[in-house]
Amino acid sequence: MTRNILVAAAALLVASAAAQAQLAPTNFDQAAYITCKEAHAMQPEPRKMLAIYLANHAAAYRGVVIPDGEQGAKLALLVRGGCTLAPDAYLFTVIDRAILAEMSQLPKRK
């Protein structure tokens, strides 16, 4: 009986953690500390919104704009690769480093 209670408690804990991972953070201070692994556990739409929010924040700091099309897709591939190599890295850091790597090819902010 005790084993069943422990298994049920562990299942509730995992479900609670998974539910929390599904929600997008409400401010930059929370968003900046989401790891790639945590972002990967999110549903696709909140994950995209989070990535766009962080990318726009990093791009504004760097004085560039994230373009649509091929250049934006190239940045997304860099972020995906960075998160694959370092799933415990903060998503914001991976996005910022991708922007930094491609900054000379990105349009400047007006």
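Predicted model: local features only at pLDDT ≥ 70, side-chain atom pairs only at ≥ 80, totals over all residues.

Mentor: Helix H6 covers residues 91-102; at 1.5 Å a residue, its twelve residues should span 16 Å, and the end C-alpha atoms are 17 Å apart, which agrees.

Trainee: Which residues are buried in H6?

Mentor: Leu91, Phe92, Val94, Ile95, Asp96, Ala98, Ile99 and Glu102 are the buried ones.

Trainee: And what covers the buried residues of H6?

Mentor: The cover includes four helices: H2 (28-31), H3 (36-40), H4 (44-62) and H5 (70-85).

Trainee: Back to Asp96, why is that residue called buried?

Mentor: Asp96, which lies in helix H6, has a relative accessible area of 11%, and buried means under 20%.

Trainee: What does Asp96 touch?

Mentor: Leaving aside residues up to four places away in sequence, Asp96 touches Ala58 and Arg62.

Trainee: Changing topic: how do the axes of H5 and H6 cross?

Mentor: They come within 9 Å of each other and cross at roughly 135°. That angle makes H5 oblique to H6. The crossing in which H5 passes H6 is right-handed.

Trainee: Which residues meet there, in H5 and in H6?

Mentor: From H5 there are Lys74, Leu75, Leu78, Val79, Gly82 and Cys83, and they meet Leu91, Val94, Ile95, Ala98, Ile99 and Glu102 of H6.

Trainee: How many residues of that contact are nonpolar, polar or charged?

Mentor: The contact of H5 with H6 has nine nonpolar residues, one polar and two charged.

Definitions and conventions. Residues numbered from 1 in each chain as written. Heavy atoms only, no water. Helix = DSSP H or I, 4+ residues; strand = E, 2+ residues; numbered from the N terminus. Expected span 1.5 Å × (residues − 1). Buried < 20%, exposed > 50% of the residue type's maximum accessible area, 1.4 Å probe, protein only. Contact = heavy atoms within 4.5 Å. Axes fitted to C-alpha atoms, helices over the stretch in contact; angles between N-to-C directions. Parallel < 35°, antiparallel > 145°, perpendicular 65-115°, else oblique. Left-handed = near helix turned anticlockwise from the far one by under 90°. Nonpolar A, V, L, I, M, F, W, Y, C, P; charged D, E, K, R; others polar.
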